[in-house]
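Trainee: Could we go through this structure together? I would like to start with a pair of strands and then look at the rest.

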Amino acid sequence: MEGELRLDPIKMSPFSKAIDKNLFKKSFDLVAARVLPQKVGILNKICRKDLLELPRVKHVYQDEDRKLVLLNQKATLDGTEGLSETTKSFIKENNVKLVPFKLTVDYDYWRAEDILDAILPPGQKEEHPSGFTAVGHIAHMNLREEWLPYKYLIGQVILDKNPSIKTVVNKTDSIDTKYRTFQMEVLAGDPNFMVVQSESNCKFRFDFSKVYWNSRLSTEHDRLVSQFQEGEAVCDVMAGVGPFACPAGKKRVIVFANDLNPSSYESLVDNVQINKVGDFVKAYNQDGRHFIRSSAEELLRFSKQEIIELPPPKKLAKGNSKDTASSSKRVIGIPPVFSHYVMNLPGSALEFLDAFNGCYEGKEHLFENRSLPKVHVHCFSRYDPPDEDILNRIEASMGYRLQPEELSLHYVRKVAPKKDMYCCTFILPKSVIFGKK
Ligand SMILES: C[S@@+](CC[C@H](N)C(=O)[O-])C[C@H]1O[C@@H](n2cnc3c(N)ncnc32)[C@H](O)[C@@H]1O
């Protein structure tokens, strides 16, 4: 047990739902130096290298009017072995008494990895399944086939060892549903899927069993939001519960955020309110293809208004005069056209690009002093490099061949061994958006 305490294998029946915690109570025979309290400091200093050093185990205990200082696990009771000459001399010169000490640890002491190593069958220990993704209070696991017989035990260990986790779920199918949600089974804890998750300085509340959420996309959310400027308008075609829309709204970007899943839409509306971005983010529940077309008209109508942003109530009270209130209010104009389209539905978003054909037909004048909109469309590709594959798919859908230099590809993450996620950014060609519908 050098450096750490170890658990021997513990036999537990697979499929059992409860862990017998008594099986994890273990005692270890050690040697302690019994000294006057005032000697502990000097002993700690001089014999430092020979003291017990174990994570999460204290090495000094009270024993009536004396202190017991635990020595390393190799030290023998007669003090002849396992100790350096310096420590031996200190013991001799100070007449230090060595006494036996039984160190007892229980289930609470062991880490999830220790417990799983002890209860799972040997041979596969290098990859014990203690990893999970946390979404609010939920630990989301994706257990491999061989661990399934032990799934409830694994769930219980994860629940016991992670104080912020109240529910442990395992994914039971692959994500290929319309709304990118997946079936899950509760392995341990409360069957409560309503979570609150923080990301990009915003709070998101949603039912994890009914909507799409992936904490691994937080960098991608931040990356795109950082490209949006105050006063620009963004069309988030597959917005989910708002991880692009809400942070963008906080930057005073005007966002039309849409999702086809009624549960996502419900949470989106809720999250807009929670994050106080209602002046900037409007939520919709439409099919993305339809939304690309309808939102252009809708924004044009909306741009006849302006957003008047009042200072927060506290500031008003401090200033204590109407003048201060009106001078610190901000008027933010709404642009008639979108500067960005975000389409994060990697399995099929490229196929929605045909909807841009003619979406600004007869509206060239709106772009007189403005840049054409940029599209940020996510996709998967099995090719390396993926450029040609993606250019072909864009052309097949949009009916326009982009030049390689017109397409900027950002690698987002590996989804499976031969499946990478990318974000393709390009400026919508004039002939597409001003052409015929
Ligand atoms: C991969 S999720 C991305 C959600 C969010 N943008 C994010 O980054 O977390 C894709 C979203 O597209 C929505 N969706 C699926 N089909 C759609 C469609 N035809 N039109 C609009 N949204 C759709 C799903 O409900 C889901 O919320």
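**Strands, domains and ligand**

Mentor: Ala32 stands opposite Leu70 in strand S3. Please keep in mind that this is a predicted model.

Trainee: In which sense do S1 and S3 pair, and over how many bridges?

Mentor: Strand S1, residues 26-35, and strand S3, residues 66-70, pair in the antiparallel sense, over four bridges.

Trainee: What holds strands together in general?

Mentor: Strands of a sheet pair through backbone hydrogen bonds, in either a parallel or an antiparallel manner.

Trainee: What is the order of the strands in this sheet?

Mentor: The order is S2-S3-S1-S4, and these four strands form an open sheet with antiparallel pairing. Strand S2 (60-63) and strand S4 (97-105) stand at the edges with a single partner strand each, so one side of each has no neighbour in the sheet. From one strand to the next, the twist averages 40°.

Trainee: Now the domains, please. What are their bounds?

Mentor: The protein is divided into domain 1 (26-105), domain 2 (112-197) and domain 3 (214-433). The C-alpha centres of domain 2 and domain 3 are 34 Å apart.

Trainee: Which domains each give at least three residues to the shell around the ligand?

Mentor: Domain 2 (112-197) and domain 3 (214-433) each contribute at least three residues to that shell.

Trainee: Which of the 20 residues around the ligand come nearest?

Mentor: Tyr179, Met238, Gly240, Asn261 and Gly288 come nearest of those 20 residues.

Trainee: How many residues of the shell are nonpolar, polar and charged?

Mentor: By class, the shell around the ligand has nine nonpolar, seven polar and four charged residues.

Methods:
Residues numbered from 1 in each chain as written. Predicted model: local features only at pLDDT ≥ 70, side-chain atom pairs only at ≥ 80, totals over all residues. Near = placed C-beta within 6 Å. Nonpolar A, V, L, I, M, F, W, Y, C, P; charged D, E, K, R; others polar. Domains from an automatic or database assignment. Pairing = 2+ DSSP bridges. Helix = DSSP H or I, 4+ residues; strand = E, 2+ residues; numbered from the N terminus. Axes fitted to C-alpha atoms, helices over the stretch in contact; angles between N-to-C directions.
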